[in-house]
Amino acid sequence: MALDHLALGFATALTPEHLLACLAGVLLGTLIGVLPGLGPVTTIALLLPFTFSLTPTGAIIMLAGIYYGAQYGGSITAVLVNLPGEASATVTCLDGHAMARQGRAGLALAVAAIGSFVGGTIGTLLLAALAVPLASSAARVEAVDYTALMACGLVAAIVIAQGSVVKAMVMTAAGLALGIVGMDVTTGQPRFTMGIPELVDGIGFMPLAIGLFGLSEIIATLASPGDRLVTPARLDRPWPRPGETKRAAAATLRGTALGSILGVLPGAGPVIASFASYALEKKLTSGPPVLGSGAIEGVAGPESANNASAQTSFVPLLTLGLPSGPVGALLLGALIVHGVQPGPSVIAKEPALFWGLVASMWIGNVMLLVLNLPLVGWWARLAQVPYRFLYPTTVALSCTGLYALNHSTFDLWLAAIFGVVGYLLRTRGFEPAPLLLGFVLSQPIRDNFNRALVFSNGDASTFVTHPLSATLLTIAGVALLMTALQQRGEDGCASHRRSDDTQ
Amino acid sequence: MAFACSVDGLGAASARRAGMTTPPALRPSLAVCGSVMTFALLVERAGFFAAVMLTVLVASLGSRELGARQAVVLAVAVATAMAIVFIGLLDQPFALGPRF
């Protein structure tokens, strides 16, 4: 049955028109995604008008190509200049950029490309085999379970944060709080808008992400001349050291498995997948090098997880009409513009579109690998551009990308403010990543929390009486407690060593 | 506001305890923040080309390593390239010059 579906999919995707759409999407996505400050959201938004002349199948194939092309492009900038194209590439910055600073950018990019390909391929195969049964089971997961799942995602952000657990929790809470700004959809009341009309729609994801990550990183790099981006005179060949291939392969498979599962659940998607994969690698990897200082697992795991979940996230998007993030929302909008109403009947009503997309994703992943492995050296050469030339260009590109999204100068002011706030937070030892995840999940966690309470007539015990929700919350609680205890132990050892040194 | 103060207090206290008291750098903060504000102020008044040029020039003040002549050359090159890509190729509805 699945083979028949795949045969139909390949027959659709291998027509010259659809092959060209896929190639154009992958190329354009990587090209624009590689420019710092322009992630998949901006890229898709910029290129959306170009797909209106295509058929619905051609358009969604091209947009999907742009999506994973730009996602890979975003990883390239994460590795080379420490600027995540979007939230899911945030964790790639930690080890990928550390590897680039050690002059191993070529290897980090090759691992990201292969990890993305393996994650994408297995994700696509799983999507083909399980689309129909998974769609029906995903429909049975209730709001109370989604709330618990998102709580798990937030705990994952706290667990992976470098430094203090308390600070990471504060940043997560700040992200949740920033996500509250805007009009309450149930009461119509503006919340924390301070009388500013532009804030009625809430704070945008892009100004927050570009400010907190892009601009604050540039300020921090300029502020510490000794710690300036390393521009290696000679890049290594992209071959791993002995033992690294095995470690990268294991991390890729773990990331793929985790990403494929998380991608299917609506609301989870690539962001949670990459964060969760990094948390998993942090628990399993003993080093050296430790995670955060250039470990190959820190690139292979999250990269394969976010690509696998990017593929499987099309299940809730196409069958339930539930996007897993801002990119999903854009694709959903594009489908509706093209006259396709996503919902449970889309597999039955539009088999060529659904299976054509599935097959084209695999073809697109092959194209990405074929295009990007030989181009690794070329991308890595970008790291050799002197920083004094790169950063003004990055600022101008970030401004243009941000302005192109909504033509809103208010977003630019917000980004400028978040840039300085992000830099000040860094000087105080606060990581911006948990804030961003808290912000992204703020709206869905509130919606599902409210829905769960409405279904249970306001009884909060529903979160512990539902088996899946209770399990997820227990896992989250135990993970948080263990991290706090582990850190307390490490702090105790460190202070003990300091007092020994002074004696 | 209260939240911001408590975050700052928590950060400052733990930074002192860890012996890290780096004062924030003013020059890069002003240059980067100022360049974004320059773009916001100019893009709808002076047009895309001038906005990008001045954004690059203001941003370049954040580093002492970029001379005035290099900054001007970079600004013109970036503005030209971005005008070609965004207005020429991507067909973005930005006004290239000032609107009268």
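Modeller: Met194(A) counts as exposed, because 7 C-beta neighbours lie inside 10 Å; the cut-offs are 12 or fewer other C-beta atoms within 10 Å for exposed, 20 or more for buried, and partly exposed in between, with C-beta atoms placed from the backbone. This is a predicted model, in which local features need pLDDT of at least 70 and side-chain atom pairs count only at pLDDT 80 or more, while totals for chains, interfaces and linings use all residues. Residues are numbered from 1 along each chain as its sequence is written, and chains are lettered from A and ligands numbered from 1 in the order in which they are written.

Met194(A) sits in the loop between β2 and α9 of chain A, where helices (H or I, at least four residues) and strands (E, at least two) are DSSP runs numbered from the N terminus. Its phi is near 55 degrees, a positive value in a residue other than glycine. Phe192(A) also belongs to the loop between β2 (190–191) and α9 (205–223) of chain A. Although Phe192(A) is not a glycine, it has a positive phi of about 50 degrees. Phe192(A) is partly exposed because 13 other C-beta atoms lie within 10 Å.

Now to the other chain. Chain B gives 37 residues to the contact and chain A gives 33, a contact being two C-beta atoms, placed from the backbone, within 7 Å. The largest share of the chain B side, 9 residues, comes from α2(B).
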